[in-house]
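Here are my notes on the model you sent. They start with one site and then turn to the chain overall.

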Amino acid sequence: MLALAHATAQAGAEPVWALPLARLDDEAFVRTGRMRWAAPTLARVVAARAPVSYADVLLGLGFADAAALLKAVQAWLQLFAQVRPAAVVLDYAPAAQLAAHLAGLRAAQVTNGFDAPPPGCPPFGWGVRGPYMERTNARKVAALDEVIRSVARAVGRDASLRSFLAHPTRWLDCVPETDPYGDARAGESRYVGPLGAPGDTEMAPWPDAAGSQAPRVFAYLRPAAPVWDTLRALAQAGANVLCVCPGAQATMRPDLGPAVHVVERPAPMGEVLRSADAVVNYGSTTFVCQALLAGKPQLMLPSDVEKWLVSRRVAQAGAGVVVRGGDRLDDAVRLLLSRSLLQGAQDVAHRYARKDWAAELAHFTGHAVRGAAVPAIGDARP
């Protein structure tokens, strides 16, 4: 969103932020927007299990309670009336998305695809499958549709789940090969490539204990149960491993040997990917896309259903292997270090070798400010 705010300002418009109260005075937002507003909130519901489809996600974000959703939508409508935005750019902000739809505002949704499903909110396929699950999901979709219709009626408008999901222009900060819903979009979205980039980077030296001819594996992980086992498996397979793992110092780190170098500071992704032979990650869309565009095979350890959907798409493209609970790490590591995934990764990279992602970003911001002076950027992340 910061990248978009800078590009929007360069296009001659003024970014206006709607932010969680705790983030309102963050330096990055202060630098990029003269106007900052506290985003209206909607109480979240803590789910007992992983979501079956995006219908569960919306219900968990407060869309199960029509009265509470109406209150949040009315607060967004009041904010829109004050700011008078010419356009709204949405980042995982469904209540703001519904309000923009009901207000008839031009809206663009920046997404990795997860929060922009087809209208039927198809099941993810993460856990239990079968006719009963399909029927249960269909009931949830119908209930969501009725909640949205009732909120629309309360403000004198017509809307449905289908029209709510279809309202924004979608700009996916990824590539089709990582889009969770894949071919189901039928060309109604535009892909702008990975927009995110870490700040305050530092290039750490590669270890060479495994030998100068050993494969170099870059790992970008978060401290969790399989992290150390994965790094150990890579070292045992004869790789030199450079791992960025924020928060690693606060955990019990085993002795992984001299072929594994673990740091906490972010690395410059372009530089490290050029020198790596393969990568390991936890399914973060931005890094998965960057590695894919660099032509590097990937071993992915997704930490939630959203990251699993992204990782699964890369595996389907023949460019990576996904590891979930119960899978054998040593088998996955052997596959990663073989040449069987390399061709798939290089094929994807070659497909986009001439793509001008900067031009895609410029096209996006031009769309956002066309005929307008004051676009608003809404971010209702908790």
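1. A contact here means heavy atoms within 4.5 Å. On that basis, and leaving out residues up to four places away in sequence, A317 touches E177, G344 and V348.

2. The model is predicted: local features need pLDDT of at least 70, side-chain atom pairs count only at pLDDT 80 or more, and totals for chains, interfaces and linings use all residues. Numbering runs from 1 along each chain as its sequence is written, and side-chain values use heavy atoms, with hydrogens and water left out.

3. A317 sits in the loop between α11 (305-316) and β12 (320-322); helices (H or I, at least four residues) and strands (E, at least two) are DSSP runs, numbered from the N terminus. R339 lies 22 residues from A317 in sequence and 15 Å from it in space, C-alpha to C-alpha.

4. With a relative accessible area of 29%, A317 is partly exposed. The classes are buried under 20%, exposed over 50% and partly exposed in between (1.4 Å probe, protein chains only). Of the 382 residues in the protein, 51% are buried.

5. The protein has 14 helices and 13 strands. Its radius of gyration is 22 Å, close to the 21 Å that the globule rule gives for 382 residues, so the protein is as compact as a globular protein of that length. The radius is taken over C-alpha atoms, and the rule is 2.2 Å times the number of residues to the power 0.38.

6. Among contacts between residues at least 6 apart in sequence, 64% join residues at least 24 apart.
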